[in-house]
Structures are given as C-alpha cells and as structure tokens.
Amino acid sequence: MKRLLVSIILIAFLLPAFAQQQPTDTLKWESFKEIIRSYHPVAQQANLVGRLAKARMQQAWGGFDPKLSVDYDRKAFDGTEYFQFLTPEVKIPLWYGIELKGNYATAEGAFLNPESKLPKEGLSNVGVNFSLGKGLLMDKRRAALKQARIFTEASENEQILIINDLILNAGEAYLGWQNQYKIAEVYRQALALSTVRFEAVKEGFRGGDRPAIDTVEALTQVQQREVQYQQANLDLQVAKYLLASFLWLEDNTPVDIEKLNALPQEANITLPESAELNIANNPKLLSYDFKLRDLQIERRLKAESLRPTIDLQVGLLNNDTQFLRNVNRRFWEQNNKVSFQIAMPLTFAAARGELAEAKIKIRNTELEQDLVRNDLSVKLSQNLAEFGALQNQLRTLKEALVANQKLLEGEEMRFKFGDSSLFLINARESKLIEAQEKLIETQNKMLKNKLKKEWLLGSLVN
C-alpha cells in the first residue's frame with residue numbers, strides 16, 4: 001500500500017508534462033523523502049544488507065550441520081577378494097569443540113590384517129570427540145556464528161548509515177532547488193514590476209509628463225531585470241537536474257528530467273529535532289563498535305592457536321547395528337575404543353605473529369574510532385556555532401528588508417511628486433532585491449544547517 005501511494009505521487013508529478021502544462025503540483029519534502037526511500041538504488045542496496053546478514057547467519061549455522069559420510073574400500077585380484085570395507089558414519093558438531101559420532105563398519109575378504117577383522121554382523125561405534133586444548137574455548141565454527149550475529153546487528157546500523165547519508169545528499173539537493181526557485185520568483189516579480197513601470201513611463205512621455213530619457217532609464221531597468229531573471233532560471237534548471245538525479249521509478253528507471261513537472265513547497269521544510277545533542281548514536285561511529293567486537297572474536301580465535309592440540313576420542317563398541325545394547329560399566333570396560341592425540345609447535349611463532357596482528361588491528365580500529373568521534377564532535381560544535389550566527393544574521397536581514405522596502409516606497413512617492421528619478425528608484429529596488437535574495441539564502445543555509453545537525457546525530461532516518 002505504501003509503495004502504491006509513492007507511485008501515485010510520482011505519476012502526479014510526471015503527468016502534467018505530457019499535457020504540456022505549466023507546473024501545478026507541489027513536490028513536498030515528506031513525499032520527496034518517501035520516493036527516495038522507496039525507489040532510489042542506494043536505498044534498495046541498504047535493504048540488501050539485511051538479507052546479506054541472514055545469508056551470513058545461515059552460513060555460520062552450517063558449521064554445526066550433521067555430516068553423513070560413507071567410506072568404502074575394496075580390492076580384488078585374480079578372482080580373489082582381498083578385502084572389502086564399508087563404514088557409513090554420522091557426525092554431529094556441538095558447542096565447546098565437542099562432536100558426537102556414530103558409525104557402523106563391516107569388513108570382509110581373504111586377506112585382512114588382524115586389527116581390521118570385525119564380527120560377521122559388523123561392528124557399531126558410538127562416541128564423542130573432545131578438543132581439550134586448541135579449540136576448547138573458541139573454534140572456527142563458534143567464531144563464525146558469533147561474528148554472524150554481530151554482522152546481523154551491524155547490518156541494521158549499516159542500513160541507517162546508508163539512508164542517513166542518502167537523505168543528507170538528497171535533502172541538500174531539494175533545499176538547493178527550493179532556494180533557487182524562491183530567488184527566481186523574486187526576479188520574476190521584479191521583471192514584471194519593471195515592465196509595468198516601463199509602460200507607465202512611456203505613457204507619461206506620450207502625455208508630456210516625462211522626458212524621453214526616463215523611457216531609456218526604464219528600458220535599461222527592464223533589460224537588467226530580464227538578464228537577472230534568465231540567470232536565476234538557469235540556476236533553477238541546474239538545481240532541478242541535480243534534484244532529478246535522486247528520483248527513480250519503481251522499475252529502477254531514473255525519472256526523465258524533461259518530464260518532471262513540479263514545484264517545491266513554498267514553506268520551509270520541517271526537519272526532526274533531536275532531544276539530545278549527542279553524537280554517540282551516529283551510525284558511522286557505531287559501526288566501529290561492531291567492528292571492534294568482530295575483531296575481538298578474531299583475537300580470541302588466534303589466541304587459541306597458542307594452546308597445544310589435545311584431541312580425545314572415546315567410543316563404545318557393539319555387535320551389529322544396536323549401538324547401545326548391553327551398556328553397563330563392565331561392558332564398557334571390555335568394549336571401547338579410546339584415542340588420544342597431542343601436538344604442538346615448539347616456538348608457536350606463527351600463532352604469536354597472528355595474535356600480534358589481531359591486536360594491532362584492534363588498536364588501529366580504536367584509533368580510527370577516536371578520530372571519527374573527535375571529527376564528529378568538532379563538526380557538531382561548528383554546526384551549533386553556525387546556527388547561532390545564522391539566527392543573528394536572519395534577524396538583521398529581516399530588519400534590513402523592512403527598511404529597504406520603506407525606502408523604496410518613499411522613493412516611489414517622491415517620484416510621483418517629481419522629486420526623484422527612475423535611477424534612484426532602480427537603485428532602491430536593487431537594494432531591496434539584494435536583501436530579499438540574502439534573506440532567502442540565509443533561510444536556506446539554516447535549513448541545511450539543521451539537516452547537517454540531524455545527520456551528525458544520526459536521526460535523518462526518522
């Protein structure tokens with residue numbers, strides 16, 4: 001249902017282009033964000049991160065899959081069967097390096113070694129394998145599962161990180177488009193006003209109330225406003241192209257800029273306000289926590305290599321396929337198979353080198369985390385300082401705008417009584433337009449400042 005609504009929004013913006021109409025629909029900020037989240041390829045890539053985490057977890061659990069194997073060995077020569085061995089076996093890996101196993105073996109042939117001879121009905125074996133040294137506290141299976149769990153948690157943070165960055169970049173494009181549209185509107189109105197004034201001056205000249213030089217002055221003003229309006233329209237078109245690069249359709253097709261027929265919302269957009277100014281929830285910073293946890297698992301696995309390999313295998317033997325028949329203490333003492341293996345390098349040089357490398361990776365990541373934390377902290381302080389300065393500028397610019405508007409109105413009143421000139425009116429109007437443009441740009445800077453602040457706090461996803 002949500003995707004259908006987003007599709008309807010996009011169609012509403014594209015249909016007017018086919019009818020060759022002027023833009024009538026408004027692409028609001030919230031609608032723009034929904035389109036980005038639903039259809040932008042980067043947003044879809046973010047969704048794939050979660051699916052990748054599930055695949056990683058499935059792979060990790062595969063290390064604990066029961067395994068079935070069959071060992072078959074036969075030799076026949078010159079009509080004589082020397083030997084034939086068949087041993088199907090099942091192994092079940094457990095936690096703490098424990099492995100359950102059970103097999104059934106048969107042996108036939110004219111030439112069997114004494115230790116290879118088995119009862120005619122076969123011999124069953126059920127037992128346990130223990131790793132008492134290397135692999136007791138951590139092995140590759142457990143490490144892979146723990147790292148997969150960390151990756152699952154990290155994938156959620158990675159999705160937030162990707163969307164947070166995407167909304168920041170797309171939001172700056174939207175704000176730039178909105179800003180250029182407002183500036184273009186200022187120059188459009190100025191051009192319309194100068195055109196009306198030019199026509200009025202021409203009528204005054206025909207009636208003998210105005211000298212010919214006033215018509216030239218009024219015409220140059222129209223020409224100046226037209227050039228400014230053309231430049232503003234060019235800047236608006238550039239901003240619109242940048243905006244369109246973030247708009248995609250449901251079938252992974254980018255929106256055709258020539259068919260995008262929409263206006264930005266006139267009112268300033270509303271951005272979320274975080275209750276706490278703390279960079280601790282920034283997804284880029286949080287990603288280092290997950291990376292460190294992953295590296296700690298790797299360090300523990302490398303540390304296991306400093307232990308000797310001590311493998312103990314204990315099995316209960318029985319005739320035929322009835323693994324647990326006649327099981328008691330005496331039967332166990334007379335029907336068992338025990339093997340013990342111990343091995344270790346004399347210097348542990350490779351193991352010590354791998355462990356040292358793992359510790360260096362951890363330290364390097366900790367230093368990177370400190371740098372990122374400090375960088376984000378400094379940027380947040382700069383952001384807050386900039387916001388305070390922009391607030392003061394905005395207050396001053398609003399007062400300047402009112403003052404310039406009054407000066408222009410006074411100059412126009414003097415012109416009606418013949419005490420002023422079009423040159424002075426043009427100068428006053430230029431100052432007013434300059435004040436309007438600065439006010440619009442400062443308001444835009446404040447919005448971009450808020451956008452950047454919420455990005456630093458990691459809350460643009462909300």
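Modeller: Start with the largest cavity: its lining divides into two nonpolar, six polar and two charged residues. Keep in mind that this is a predicted model. About 70 Å³ of space lies in this largest cavity. Its lining is made up of Lys101, Asn125, Gly127, Asn129, Gln313, Val314, Gly315, Lys337, Val338 and Ser339. Strand 5, strand 7 and strand 8 (336-343) are the elements that give two or more residues to that lining.

How many cavities of 30 Å³ or more are there? The count comes to two. The second largest cavity holds about 30 Å³ of space. Gln178, Asn179, Lys182, Asn268, Ile440, Gln443, Asn444 and Leu447 line the second largest cavity. Here helix 4 and helix 9 (422-457) are the elements giving two or more residues. Helix 9 supplies the largest share, four residues. By class, the lining of the second largest cavity has two nonpolar, five polar and one charged.

UniProt, in an unreviewed entry, places a "coiled-coil region" at residues 348-375 and 425-453. In the model, residues 425-453 are 100% helix and 0% strand, with the end C-alpha atoms 42 Å apart. Residues 348-375 are 96% helix and 0% strand, and their end C-alpha atoms lie 41 Å apart.

Now the open space. The largest pocket has a volume of about 580 Å³. It is lined by 28 residues. Nearest its centre lie Lys134, Gly135, Met138, Asp139 and Lys140. The pocket lining divides into 11 nonpolar, seven polar and 10 charged residues.

Where does the largest pocket sit relative to the domains? The protein is divided into domain 1 (65-93 + 97-133 + 308-342) and domain 2 (140-295 + 350-455). Both domains give residues to the lining of the largest pocket, so the pocket lies between them. The centres of domain 1 and domain 2, taken over C-alpha atoms, are separated by 75 Å.

Helix 6 (residues 283-304) and helix 8 (residues 349-416) pack at an angle of about 170 degrees, with their axes 9 Å apart. Angles over 145 degrees count as roughly antiparallel, and helix 6 and helix 8 are therefore roughly antiparallel to each other. Their contact has 10 nonpolar, three polar and 12 charged residues.

Key:
Residues are numbered from 1 along each chain as its sequence is written. This is a predicted model: local features need pLDDT of at least 70, side-chain atom pairs count only at pLDDT 80 or more; totals for chains, interfaces and linings use all residues. Side-chain values use heavy atoms; hydrogens and water are left out. Axes are lines fitted to C-alpha atoms, for helices over the stretch in contact, and angles run from 0 to 180 degrees between N-to-C directions. Angles under 35 degrees count as roughly parallel, over 145 as roughly antiparallel, 65 to 115 as roughly perpendicular and the rest as oblique. Ala, Val, Leu, Ile, Met, Phe, Trp, Tyr, Cys and Pro count as nonpolar, Asp, Glu, Lys and Arg as charged, and the others, Gly among them, as polar. On a 1 Å grid over the protein atoms alone, a cavity is a set of points where a 1.4 Å probe fits but cannot get out, and a pocket is an open set with protein on both sides within 12 Å along at least five of seven lines; lining residues have an atom within 4 Å of a point. Grid points are joined across faces, edges and corners, and a volume is the space filled by probe spheres set on the points. Domain bounds come from an automatic or database domain assignment. UniProt positions are given in the numbering used here, feature names are shortened, and annotations may be inferred rather than shown by experiment.
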